[in-house]
Amino acid sequence: MRTRYIWIICLITQWALAQKNSQTIEMAIDGLGNADLNMSMKMNAQQWQVWNNNFGNNPAALKREVERGMPGYFLSDFNLEKDDMARSFNFKLKAYGVCKIDKRGKWSLDTDEKDAHLTELSPTKYMLVSNPEEFGGQLQQTFVINFPDKASDIKVDTDSFGNTLFSFTMDPPTSGFHYLRYGGIVLLLIGGGWASKQRFFGTEQKK
């Protein structure tokens with residue numbers, strides 16, 4: 001998964017990030033290469049008001065922005081939990097196909113980060129700390145990546161662009177997985193066709 005795209009979840013505007021902020025993203029990968037994501041963040045009073053006005057009180061708007069920020073994935077099971085007293089939120093969703101598998105059966109997970117700051121917490125659990133340039137270094141993201149127990153030989157490598165990635169071994173999915181995978185691709189194509197039609201007739205809102 002290209003983790004940098006997940007920063008869109010915070011959505012509290014540039015000016016609200018005048019102070020140092022942190023965001024935690026937990027990723028639990030299953031045996032099919034999909035992932036359950038749990039994103040959490042705590043804000044000050046001003047940031048919380050802005051975020052609530054734009055998205056916290058309108059989960060549908062948050063869902064739309066997340067889908068725009070992660071266009072390469074089929075997403076489902078959206079769930080937003082807020083704590084007004086603590087001025088924090090937890091946003092959960094499921095992303096399909098975050099891990100790739102090649103013809104040799106080797107799995108990989110992209111980070112889209114050069115020289116990513118990784119810490120091995122256990123043989124199947126890693127932590128990645130990132131400061132996206134989009135926020136001028138004022139937002140610190142901590143990714144906790146949990147690989148399934150069946151994953152083995154987990155290694156940190158680089159792709160052809162020099163970005164850090166994980167490679168690992170895991171039993172290949174059953175044939176049923178391919179039907180789900182192709183079904184997801186069909187849904188994405190249908191969705192893309194519908195969006196194009198909406199834009200053609202001028203009914204889609206500007207991003």
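User: Before we look at the strands, when do two strands count as paired?
Analyst: Two strands pair if DSSP finds at least two bridges between them. The model here is a predicted one.

User: How many bridges join β7 to β8, and do the strands run parallel or antiparallel?
Analyst: Strand β7, residues 117–122, and strand β8, residues 125–130, are joined by 5 bridges and run antiparallel.

User: Let us turn to helix α1. How far apart are its end C-alpha atoms?
Analyst: They are only 14 Å apart, although α1 spans residues 45–56 and has 12 residues. A straight helix would reach 16 Å at 1.5 Å a residue, and α1 falls short of that.

User: What happens at the start of α1?
Analyst: There, the backbone nitrogen of Gln46 has a side-chain oxygen of Asn44 within 3.2 Å.

User: Which residues of α1 are buried?
Analyst: The buried residues are Gln47, Trp48, Val50, Trp51, Asn52, Phe55 and Gly56.

User: What covers them?
Analyst: The cover over the buried residues of α1 includes β1 (21–29), α2 (59–69), β3 (74–83) and β4 (88–96).

User: One more topic: where is Gln141, and is Gln141 buried or exposed?
Analyst: Gln141 lies in strand β9, residues 139–146. Gln141 counts as buried because its relative accessibility is 1%, and the cut-off for buried is under 20%.

User: What does the side chain of Gln141 make a polar contact with?
Analyst: Its partner is the side chain of Gln23, at 2.7 Å.

How values were computed. Residues are numbered from 1 along each chain as its sequence is written. This is a predicted model: local features need pLDDT of at least 70, side-chain atom pairs count only at pLDDT 80 or more; totals for chains, interfaces and linings use all residues. Side-chain values use heavy atoms; hydrogens and water are left out. Helices (H or I, at least four residues) and strands (E, at least two) are DSSP runs, numbered from the N terminus. The expected span of a helix is 1.5 Å times one less than its number of residues. Buried means under 20% relative accessible area, exposed over 50%, partly exposed in between (1.4 Å probe, protein chains only). Contact means heavy atoms within 4.5 Å. A polar contact is a pair of N or O atoms within 3.5 Å; within protein, one must be able to donate a hydrogen and the other to accept it, and residues adjacent in sequence count only if both atoms are side-chain atoms.
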